[in-house]
Amino acid sequence: MASEAPKKRTPAMLLIRYWWVFLVMALSLAYFFVVSVLVAVGKDQSPSTAENDFLETVSIIAPWHAEALIAYAEHKRSFAITVEGADRSAALLDALVLTERAIERRPLWPYYHLGALDAEYLLGKPAAVIQARLDTIARLAPNERGLDYNLIELSLLSWHDLRPDQQRWIAARIKSARFDTRKELSGFIEKMVDSDPTFCSTLPWTT
C-alpha cells in the first residue's frame, strides 16, 4: 500500500503553527520603530530645561541605545551652558554620566570620549582626569581627523592641565590638521596666545 504523500503546508497553516514567531517579529519591529521616533523627536527638543522626556524614555526602555544616551548628554550640556551654579553642575554631571554609559556600550568610539572630555573640562575636573581622557583619545584615534577641531580647542582651553608630552602632541596635531581646520582655529589660537604668552613655547604658528 502506497504511503500518503505529505500534506503541503499552506501559508495559513504556517501562520497558525508559528504564530508566536510572527508576533515576536511584529513586536520587535514596533519596539524599534517607537525607539527611533522617540530619539528623533527628542533631538529636536529645545534645551530650555535639563530634562527631555523623549530621550529619558529611551534611556529607560532602550538602555543599549548609545546614540540616544549621547543625544541626551548633548541636550543636558546645551542646557548647562545657559545657566550657572548648582543647575549648571548638576546638568553637566548628568551629561558626563550619560556619556560614560554610552562609552560602556561603544568603548572604542573616540567621539564619545571627546564628549566626556568636554564635560570634564566644564566641570573643572582635576588635571589627572583630563590627562587620562586625552591619553585614551590619543590611543584610540591617533589619526582621526574628524576629531581635530574640538579636540584641539578643548586641549588649548585645558592647556595648563596637560602634561608636557601631551602639549607637544597637540602642537603636532595642529601642524598635521587639515588646512580648513587650521584656518578655522587660527582666530581662536590667536586669542589664546594674546591672553597667555606661555603658548608660544610649544604651539606652531603656521596655522
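This is a predicted model: local features need pLDDT of at least 70, side-chain atom pairs count only at pLDDT 80 or more; totals for chains, interfaces and linings use all residues.

Reader: How many helices and strands are in the protein chain?

Author: Ten helices and zero strands. Helices are DSSP runs of H or I, at least four residues, and strands are runs of E, at least two, numbered from the N terminus.

Reader: How much of the chain counts as buried?

Author: 36% of the 207 residues. Buried means under 20% relative accessible area, exposed means over 50%, and partly exposed lies in between, with a 1.4 Å probe and protein chains only.

Reader: And what share of the contacts join residues at least 24 apart?

Author: 59%, among contacts between residues at least 6 apart in sequence. A contact means heavy atoms within 4.5 Å.

Reader: Pocket next. What volume does the largest one have?

Author: About 430 Å³. The search runs on a 1 Å grid over the protein atoms alone; a pocket is an open set of points where a 1.4 Å probe fits, with protein on both sides within 12 Å along at least five of seven lines. Grid points are joined across faces, edges and corners, and the volume is the space filled by probe spheres set on the points.

Reader: Which residues lie nearest its centre?

Author: Glu74, Arg77, Leu114, Gly115 and Asp118. The lining of the largest pocket has 18 residues. A lining residue has an atom within 4 Å of a point.

Reader: Which helix gives the largest share of that lining?

Author: α6, with six residues. At least two residues each come from α4 (66-80), α5, α6 (110-122) and α8 (148-157).

Reader: What classes are those lining residues?

Author: Nine are nonpolar, five polar and four charged. Ala, Val, Leu, Ile, Met, Phe, Trp, Tyr, Cys and Pro count as nonpolar, Asp, Glu, Lys and Arg as charged, and the others, Gly among them, as polar.

Reader: Let's look at Thr99. Buried or exposed?

Author: Thr99 is buried, because its relative accessible area is 4%. This residue is in helix α5, residues 85-105.

Reader: What does Thr99 touch?

Author: Leaving out residues up to four places away in sequence, Thr99 touches Ile70, Ala73, Tyr112, Gly115 and Ala116. There is also a polar atom of the Thr99 side chain 2.8 Å from the backbone oxygen of Ala95.

Reader: Switching topic. How many salt bridges are in the whole structure?

Author: Twelve. Each is a side-chain nitrogen of Lys or Arg within 4 Å of a carboxyl oxygen of Asp or Glu.

Reader: What does Glu100 pair with?

Author: Arg133, with the closest N and O atoms 2.7 Å apart. Glu100 is in helix α5 and Arg133 in helix α7 (residues 127-140), so the pair ties together parts 33 residues apart in sequence.

Reader: How accessible are the two partners?

Author: Glu100 is partly exposed at 30% relative accessibility. Arg133 is buried at 10%.

Reader: And Asp148, where is that?

Author: Asp148 is in helix α8. Its salt bridge is with Arg145, at 2.9 Å from N to O. Asp148 counts as buried because its relative accessibility is 0%.

Reader: Which residues does Asp148 touch?

Author: Arg173, Ala177 and Thr181, not counting residues up to four places away in sequence.

Reader: What about Asp180 and Arg178?

Author: Their side chains form a salt bridge, 3.8 Å from N to O. Asp180 is partly exposed at 40% relative accessible area, and Arg178 is partly exposed at 43%. Elsewhere, salt bridges that share partners join Glu51, Lys76 and Asp94 into one network.

Reader: Last one, Arg168. Buried or exposed?

Author: Exposed, at 52% relative accessibility. Arg168 is in helix α9, residues 164-176. Between Arg168 and Leu203, 35 residues apart in sequence, the C-alpha to C-alpha distance is 7.7 Å.

Methods. Residues are numbered from 1 along each chain as its sequence is written. Side-chain values use heavy atoms; hydrogens and water are left out. A polar contact is a pair of N or O atoms within 3.5 Å; within protein, one must be able to donate a hydrogen and the other to accept it, and residues adjacent in sequence count only if both atoms are side-chain atoms.
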